[in-house]
Amino acid sequence: MVLAETVASGELLGLDELRDVEVAPHRPERIKGQRFAEGLAIGHAVLHEAPVAPERLLADDPVAEEGRLKLGLTALKANIDSMLEGGQGLAGPSYEVLETYRMFADDRGWNRSLEEAVRGGLTAEAAVDRVRNEHRARFAKARDPYIRERLHDLEDLANRLLRVLAGDQPGQRELPDDTILVARNLGPADLLEYPRDKLRGLLLEEGSAASHAGIVARALQIPCVGRLAGLRDRLSEGDLVIADGESGEAFLRPRPEMLDAVQARMQLRAQRHAEFVALRDTPAITRDGVRVTVLANAGLVVDLDTLDETGAEGIGLFRTEFQFMVSEELPRLQAQTDLYRRVLDAAGGRPVTFRTLDVGGDKVLPYLEVEREENPALGRRAIRLGLDRPGLLRLQLRALLSAAAGRELRVMFPMIATVDEFRAARALMDAECEWAERRGKTLPASLRVGAMIEAPSLLWHLDALLPLTDFVSIGTNDLFQYMYAADRTNPLVSDRYDPLSPPTLRALQDIQRQCAETETPVSVCGELAGRPLEAMVLLALGYTRLSAPAGGVDRSSA
Ligand code: PEP
Ligand code: MG
């Protein structure tokens, strides 16, 4: 009765919306979503198949079922291994994402939970489903998009295991030419199974730019638009579609005029890119003769490919937290060292500035117990956590020192709010250097330690801070959110202020002046540095070192 009333009032089913849903849609439609990977693509829709739901819940023979589960797990891992070994012609970028994913498959907790569920009498399929639901519940509380996306990796793994258990061996899938792949969400391995040369674009109903599908799509340069509500209900297999990774929209069954317009834009992009390529290696010198250093921001080894592609001169900000966030347990010393070494190798002598772990607040690491905080952005994040858990920070510094043995090492600490915090962090670095020396380890050929300027408190204490640092870097994303008291992750307030208004300009001018006076090298590494007008303003203020997301270095791809 209640249901009937609710339905009658249109509340439950949203009858108005339902009126628009067609059984076989044929009209042109446009759906607004979010831009996950730049670019434009025209092609025909191919629907990514939905995961299989378990049919039987209880096993007749738990022992045999455990055997089935183990066989399934082995086949699953072997399948990912063969992708990793390049059997599917994987390019380097996807490798790291897949490696992380492979780690999940090996995760002891996941394997144990599955085994226990089967021993309790469930079928292997039902066990996978149960464990997946438990993970969902655990991760669903996390507000951080990275964490939520790791949940999706686990889901993807569970879906693949269900496919293996159903006797369907995942492998390279066939696609027609000019495919625009359409899915609710995609795991990294799923995407990599499709032949790259046939994939023009990717449209997702869910996900986020930080999702592995988003990262892989960017690395493979496949235009990708996500968060397209109701996409799959409005589309049939084979429909002509446009993935507009510039505006973050999908056009379904576009009219000929629309197609012509998009084709013209595609030509323009190709032309702009050719112009950029021709200019790429020209040194960045302003007309009045000032040399500007343009660097890129990164967080994965794969991002280093952008150095060659964009001509950036190095990495001005390497966000080390990514490795920690995709991991189910604290990355060990060796794993951290390996990653940093690979980054330095890939940079091939170009400077890399590593930023120590910036987690805490609502960037929760599943293996780190932290108290719930009312205001995570103002909570125990970044260097605060590092100083409270010196073991964690020292391990990371040890890995950095070891990876950079005999080379240049540049390290900076995030979210420094007081001069004492910087002193304490630097003391940990000194202690690690002494530790390495005592053990006869090779130290970096040079070591520079810097602070990120992200907390407004530092604006009035630069006179004390700058003499202690080798360099500073301004994280405008955080600096401005704290200056304007506007949460950068909350779309309701995040862009309420003008980043080029007097408060920010005065703050930036002041920092630049004090750095110039003390001859402290300074860079700007927030998103601001990658936007053309803002970058010009930074140059006008006297900044000559900018570090931007890759799309900000090569605007022709943005
Ligand atoms: C910043 O705050 O501007 C910054 C570069 O750091 P992140 O975006 O990683 O917080
Ligand atoms: Mg920051």
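This is a predicted model: local features need pLDDT of at least 70, side-chain atom pairs count only at pLDDT 80 or more; totals for chains, interfaces and linings use all residues.
Figure 1. In general, the strands of a sheet pair through backbone hydrogen bonds, in either a parallel or an antiparallel manner.

**Figure 2. Strand β12 and its two parallel neighbours.** Strand β12 (residues 408-416) is mostly covered, since eight of its nine residues are buried. Strand β11 (residues 352-355) runs parallel to β12 and is joined to it by three bridges. Strand β13 (residues 446-453) also runs parallel to β12, and here seven bridges join the two. Met412 can be followed across these strands: in β12 it is the bridge partner of Arg355, and its own bridge partner in β13 is Gly450.

**Figure 3. Two non-glycine residues with a positive phi.** Met415 is found in strand β12 and has a positive phi of about 60 degrees, although it is not a glycine. With a relative accessibility of 1%, Met415 falls under the 20% limit and therefore counts as buried. Ala485, likewise not a glycine, has a positive phi of about 50 degrees. This residue lies in the loop between α18 (476-483) and α19 (502-518). The relative accessibility of Ala485 is 72%, over the 50% limit, so Ala485 counts as exposed.

**Figure 4. The surroundings of ligand 1.** Thirteen residues, written here as the 13 residues around ligand 1, include Arg319, Arg355, Glu454, Asn477 and Arg488, which come nearest. An N or O atom in the side chain of Arg319 is 2.7 Å from an oxygen atom of the ligand. For Arg488, a polar side-chain atom lies 2.7 Å from an oxygen atom of ligand 1. Gly475 approaches with its backbone: one of its N or O atoms there lies 3.4 Å from a ligand oxygen atom. Arg355, named among the nearest residues, is also the residue whose bridge partner in β12 is Met412.

**Figure 5. Two buried cysteines and the protein as a whole.** Cys515 is buried, with a relative accessible area of 1%. Cys525 is buried as well, and its relative accessible area is 1%. The count of disulfides comes to zero when a disulfide is taken as a pair of cysteine sulfur atoms within 2.5 Å. For orientation, the secondary structure of the protein comes to 21 helices and 16 strands. Of the 558 residues in the protein, 52% are buried. Among contacts with a separation of 6 or more, 68% are between residues 24 or more positions apart.

How values were computed. Residues are numbered from 1 along each chain as its sequence is written. Chains are lettered from A and ligands numbered from 1 in the order in which they are written. Side-chain values use heavy atoms; hydrogens and water are left out. Buried means under 20% relative accessible area, exposed over 50%, partly exposed in between (1.4 Å probe, protein chains only). A residue is near a molecule or strand if one of its heavy atoms lies within 4 Å of it. A polar contact is a pair of N or O atoms within 3.5 Å; within protein, one must be able to donate a hydrogen and the other to accept it, and residues adjacent in sequence count only if both atoms are side-chain atoms. Helices (H or I, at least four residues) and strands (E, at least two) are DSSP runs, numbered from the N terminus. Contact means heavy atoms within 4.5 Å. Two strands pair if DSSP finds at least two bridges between them.
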